[in-house]
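Open the structure in a viewer and keep the selection tool at hand. The stops below go one selection at a time.

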Amino acid sequence: MKVHGDKIELVTATACVIGGLYMFYETGFFKASASVSGAPAVFPRLALGLGIGAAILTIIRKLRELRQTSAMAVAPVDIELKALVFLVVLTVVYIVVADMAGFEIPTVIYLYLLIYQRMREYWRPALIALVASIAIYVVFVLLLQIRLPLLFLPEYASELLPWLKGL
Amino acid sequence: MESGVVTSLLWGSVQSLITPSFLVIILLGVIAGIIFGILPGFGAAQALALLFPFTYSMDGIQVVIFMLAAYSAAEYGGSIPAILIRTPGTPSAAITTIEAYPLAQRGFPRKTLRISLTAGLIGGVLSTAAFIAAGPLLAWIGLRFGPSEMFAVGVFGLSIISSFLGGSVLNGFLSTAVGLWLATIGNSDFGGMRFTFDWSYLYDGIPLLVVIIGILAMPEAFRLICSSTMGEGADETQAAHLPRKWNAKDRLSWLEFKRLLPSFLRGSVVGTAIGIMPGAGGTVASIVSYNEERRWSKRGHLFGSGVEEGVAGPEAANNAVVAGALVPTLALGIPGSASAAVLLGVMIGKGVVPGPLLFHDQPGFVMQVFIGLIIINLVLYGVGWMGTNVFAWVTRLPNSILGPVVMILILIGTYSYRTEFMDVVIALGFGVVGYILEKIKFPTLPMLLAFVMQPIMEENLLRALSLYNDIFSVMSRPLTAVILLLAVSSAVWGYLRSRQKSPDAAATL
């Protein structure tokens, strides 16, 4: 999908003004415990003031540019929306499923689907996904001892040999 | 600092760093850095972001050394595809392709790689030596800085970053403001919760790792995957011209080394000087160095056809930037680049507070960093010299495999930080926003740098306010006023510069 950068900038700046004003209002409810009066709100207000100011100036500039030129000043850019949405949805599903059903099988399927999209083959993506998943398991779980939600693979290297014998 | 103290610090640092554990850390950092540097689109900053999760179990100095090893190595790694397949692995290696690729095509790929490697070693070591020499001066300056001056330095740094790291100054400031605001979310040291909206996930604030990965690494993975799903063939053609066997004449001789020495030295000086400036970085350094080489070289008219000086200068500048960039990062707490921001974030996370006082309070740590950098350059030279063929193989990896593998590394790396799935979801959200903003050329880097700098700035501002009562008394302190004036000047200059670039657009404001 092609979008105008100018349009997105305008929408972003407007959202920043509205969001910034609301956040500024929120700072009035911060409770201070430090000796400086209003301490927790001082810095956020400075940051929000800077952001709101820059966003208002951006809106003014963009509106003037739009008035001066018939078309948008910047050529439309392709944000590859379809591919992006597919990737984000697939990733969110992967995160949820991996949390519930363990890391092993969802990781292989996730990698397979991403690689298959481009290769359009069945076996090579499957092999790559499997090898990559095993490599990640070895590096992160066995070597770096990071706790991933495992379904059936052992958590420690010392348990690996008995586990393999049990297969 | 007396010379005896410097010598004992130096000797102590050498002894503490020449140990098997440190050498293994350096070796791993170098290998990982070269591999990530080779991958097209992955700069040193993305490499550091991806390697962040591997550092949780390391202590302060180990992390810094590991990250610096990866940083230096990624700068070299970026040159390998630039030389062999005309595809710069890092933005700063783009200028290398102009001379390096034709030189490699004329049958000298190994010589070109060795020039790049030697230039990197000389640039890295010389710039580090310059910084060690300047250490006592920085420590002396550090004693003159109170909280108000530190806050002003932060404002100055953000002003430079906002003004020069994006196309539009206004967008730069907007991005900076968002970064500063994001960093205030969570439990405040100065009383109560801020912007948490009773969501327990936000009580401890948004983790730096999530922001770093979301803004730096995730958009790159999106780009690799999304672009590879949209059409056939674009990514499968790399490394077609890799040499199967090296030619015997294809080497860097002693005579040639002597001839290129002035280029190595000029590049080192340019890289060190430019590295010190926040926001400039390796790309600017290599461009300036290339132009200088063309000006100084007797073969300037041949530039573009594969002249060795055109590789030696920019490559030395490229690597000299690493030590140069540490000056504002360590001495002022201003990360001059995305890579330095990651480094700064890692250091703060490990309890090292950068700033002018660091040189005075922890000279041993600073010396270890710089001695470590020299050792890193030597190890990089050895690994690069021996492993050229192996690393060149990485350029053969197609995006269709690279994108998904990088994506899963990012997801697992983010999760492993605190085994919290919400971190991964938030990083994904930052990634989507970062990807779209990058597509429309909206600068996201100021957001990250502001996020990293905010805690230091806020703490110093509030300390200054409790010392001098009100903001006007803080701002009217002489040194603070001068620094703030510089900050305003840089913002105005940045705006005028952008107006010169696009008079039509700027005239409307």
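Select helix α8 of chain B, residues 147-164, where B:Pro147 is found. Keep in mind that this is a predicted model. Is B:Pro147 buried, exposed or partly exposed? B:Pro147 counts as partly exposed because 19 other C-beta atoms lie within 10 Å, while a buried residue would need 20 or more.

B:Pro147 and B:Leu465 stand 318 residues apart in sequence, yet their C-alpha atoms are 9.0 Å apart in space. Next, show B:Asn460, B:Arg463, B:Ala464 and B:Leu467, which are in contact with B:Pro147 when its neighbours within four places in sequence are left aside.

Zoom out to the whole of chain B. Its secondary structure consists of 22 helices and two strands. Of the 509 residues in chain B, 60% are buried. Among contacts in this chain with a separation of 6 or more, 79% are between residues 24 or more positions apart.

Move to chain A and select helix α5, residues 123-143. This helix has 21 residues and spans 29 Å from first C-alpha to last, close to the 30 Å expected at 1.5 Å a residue. Within α5(A), colour the buried residues: A:Pro125, A:Ala129, A:Ala132, A:Ser133, A:Ile136, A:Phe140 and A:Val141. What do the buried residues of α5(A) pack against? They pack against α4 (104-119) of chain A together with α17 (399-418) of chain B.

For the last stop, select A:Gln145, which follows α5(A) and has a positive phi, near 55°.

Note on methods: Residues numbered from 1 in each chain as written. Chains lettered and ligands numbered in written order. Predicted model: local features only at pLDDT ≥ 70, side-chain atom pairs only at ≥ 80, totals over all residues. Helix = DSSP H or I, 4+ residues; strand = E, 2+ residues; numbered from the N terminus. Buried ≥ 20, exposed ≤ 12 C-beta atoms within 10 Å, placed from the backbone. Contact = placed C-beta atoms within 7 Å. Expected span 1.5 Å × (residues − 1).
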